[in-house]
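My entries follow the order in which I looked.

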Amino acid sequence: MPDSTTSLPDRVGAFDALIIGAGFSGLYQLHCLRDRLGLSARVLEAGDGVGGTWYWNRYPGARCDSESHSYSYYFSEELLKEWEWSERYPEQPEILRYLNHVADRFDLRRDIRFGTRVTEARYDAAANRWHVSTEAGERFTAKFLITAVGCLSTANVPDIPGLDGFSGRWYHTGQWPREGVDFAGKRVGLIGTGSTGIQAAPVIAEAAAHLTVFQRTANYSVPARNAPLTPEFLRWAKDSSADLRRVMHSTTNGHPFTISERSALDATPEERRAAYEAAWEKGGLQFRAAFRDILTDKAANDTAAEFIRAKIREIVKDPETAAKLTNFDHPFAAKRPPIDTSYFEAFNRDNVSLVDVRASPIERITPRGVKTRDAEYGLDIIVFATGFDAMTGPLLKIDIRGRDGVPLREAWEAGPRTYLGLQVAGFPNLFTITGPGSPSVLCNMPVAIEQHVEWITGCIAHMQERGLERIEAEPDAADRWVEHVNEAADATLLPQASSSWYLGANVPGKPRVFMPYAGGMARYRGICDDVAAKGYEGFALSD
Ligand code: NAP
């Protein structure tokens, strides 16, 4: 009988850099390190294809909330010119096609290892190398380790008693089966009303016999107003790429629109209503930009909240359902605001009902369905649109150990601590693309990703030119940065949403720390450029 251990793959691959993840970040990082700096680099990707978030999130209605012409790489003029988006907001399959096109166009696949889930990464100080192991037992080493694992890639399935005994099928939206789910004739329960649940509900309602939406926190949403893109718009976007890039680089959130300079409180009620009406008609995340102080002044925010509340009451015919849908407990946009296609309208259908599980909490899942304090709901399918262990989850899922074997989990016991969201003190040569403490999820993601990838590439080039081998965030610099991240969040209304995933509040036991940098993308870019210009101030570089 063969020794079972000999059949385990145990190859060691040595590279200049290892990149974990083949989504937007990993693909561009590979291109930069391999094709611009000439390094040997390998991407390790758990999925069987490229795409990251867009590989896994195949739930009905999955679509991006950033507009197509801005949800693109801007590093290549040729790529911008040749790719044609079909709709105002790209749908998941189209984004996946785009990322596959990028992988082929830049010949990236040959350096990506698919079906390879990284489980461990250990820093060896004597050799100045990262040792990386995978679920299948493969081992790799590299001088640089770059995590491109995304911010929202660790599914959060709530620990509700009884799920194991449910006689129907259940799914989490972030781990959707590739073959899809047939809802025809089924009684479907949807738990969660974040961006995902709000996108999925109307699409599931079209197909299912009945949809029950279990809402814990009422959520604001603004119409997306999706539509096919006209040839004129596509031509304009291509011809204006330099201007669009300039706008996206100059704004707080990396979107291709500017924020009004006017305060909501300086406008008369009529002017305010007109501005909100116009923003509602235009649709999309741009609604937040109607006035400059919506995210910083509670009284200004209240005017937006009241406008949205009135709109929902107008749309939803049943006053009791409308009351539940508008029973907000946080300022507008203090949680990531969804945009929707006929979400509130879906509650006017005969086959859709809303259950307020804050008023009557879910007690357990029974073999037949969901049991709340007051009733049991018979279901054939449960869809968990319950979000993610955001930002830190994807990093902590890997057993990452820095100097002296210190686990990242231990270094972040009280919450994530980074310098610029790019590095962690005690973890040399580890870079975290869109890591906690960077604008990441508060920004149009491709803009945040390109900035990080380019900064990391510039930093490694700087090291190569000077024969430097090691870079590590200084603890003091990280402490100051964490303080600044907190100050930036406190200058906004964002921390006022006490159940927000920005604060880690959606995962029981997770430390409550505001994770993304709320000081704005343009300001952040300036800080990073300044740090680099000063010889990587706050980082210790050595040979
Ligand atoms: P989410 O915003 O975290 O929403 C999760 C929902 O599940 C919330 O309504 C939450 O209620 C509810 N929930 C969680 N645990 C529950 C429980 N035990 N019982 C009842 N309800 C529970 O997650 P998401 O909707 O997947 O969105 C996450 C982020 O992904 C978004 O904010 C966005 O950044 C991104 N995203 C983007 C797009 C896009 O661009 N199109 C689409 C989808 C997602 P509470 O609010 O009470 O916690």
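**Ground rules**

I note that this is a predicted model, in which local features need pLDDT of at least 70, side-chain atom pairs count only at pLDDT 80 or more, and totals for chains, interfaces and linings use all residues. Residues are numbered from 1 along each chain as its sequence is written, and side-chain values use heavy atoms, with hydrogens and water left out.

**Helix packing**

I looked up helix H14 (residues 445–466) against helix H16 (residues 521–533). Helices here are DSSP runs of H or I with at least four residues, strands are runs of E with at least two, and both are numbered from the N terminus. H14 and H16 pack at an angle of about 0°, and their axes are 11 Å apart. The axes are lines fitted to C-alpha atoms, for helices over the stretch in contact, and angles run from 0 to 180 degrees between N-to-C directions. H14 and H16 are therefore roughly parallel to each other (angles under 35 degrees; over 145 is roughly antiparallel, 65 to 115 roughly perpendicular, the rest oblique).

Which residues meet between H14 and H16? From H14 I list Val447, Ala448, Gln451, His452 and Trp455; from H16, Met521, Tyr524, Arg525, Cys528, Asp529, Val531 and Ala532. Contact means heavy atoms within 4.5 Å. By class, the contact of H14 with H16 has eight nonpolar, two polar and two charged residues. For the classes, Ala, Val, Leu, Ile, Met, Phe, Trp, Tyr, Cys and Pro count as nonpolar, Asp, Glu, Lys and Arg as charged, and the others, Gly among them, as polar.

**Rings**

I found 40 aromatic pairs in the structure. Rings of Phe, Tyr and Trp (its six-membered ring) pair if their centres lie within 6.5 Å; planes under 30 degrees apart count as stacked, over 60 as edge-to-face and the rest as tilted. Trp83 and Trp85 have ring centres 5.7 Å apart and planes at 75°, so this pair is edge-to-face. Trp83 and Trp85 are both buried (under 20% relative accessible area; exposed is over 50%, partly exposed in between, with a 1.4 Å probe and protein chains only).

I then took Trp280 and Phe307, whose ring centres are 5.9 Å apart with planes at 75°, so the pair is edge-to-face. The pair links distant parts of the chain, with Trp280 in helix H8 (residues 269–282) and Phe307 in helix H9 (residues 298–315), 27 residues apart. Trp280 and Phe307 are both buried.

One aromatic cluster includes Trp83 and Trp85, along with Phe24, Tyr28, Trp54, Tyr71, Tyr73, Phe75, Tyr98 and Phe106. Over the face of Phe106 lies Arg105, at 5.1 Å from the ring centre. Arg58 lies over the face of Tyr55, at 4.9 Å from the ring centre. The criterion is NZ of Lys or CZ of Arg within 6 Å of the ring centre and within 35 degrees of the ring normal.

**Positive phi**

Ser342 is not a glycine, yet has a positive phi of about 65°. I place Ser342 in the loop between strand S11 (339–340) and helix H11 (343–346); Ser342 is partly exposed, at 37% relative accessibility. Asp404, also not a glycine, has a positive phi of about 55°. Asp404 sits in the loop between strand S17 (399–401) and helix H13 (408–411), and is exposed at 77% relative accessible area.

**Single residues**

Is Asn253 buried or exposed? Asn253 is buried, with a relative accessible area of 9%, and lies in the loop between helix H7 (241–250) and H8. Beyond its neighbours within four places in sequence, Asn253 contacts Ile259, Arg288, Leu442, Cys443 and Asn444. Asn253 and Leu442 are 189 residues apart in sequence, with their C-alpha atoms 6.2 Å apart.

Back in H14, I checked Met463, which is buried with a relative accessible area of 0%. Not counting residues up to four places away in sequence, Met463 touches Phe144, Asn429, Leu468, Glu469, Arg470, Ile471 and Leu541. Arg466 is also in H14 and is partly exposed, at 49% relative accessible area.

My last entry is Glu82, found in helix H3 (residues 77–82) and partly exposed at 36% relative accessible area. Leaving aside neighbours within four places in sequence, Glu82 is in contact with His101, Arg105 and Lys238.
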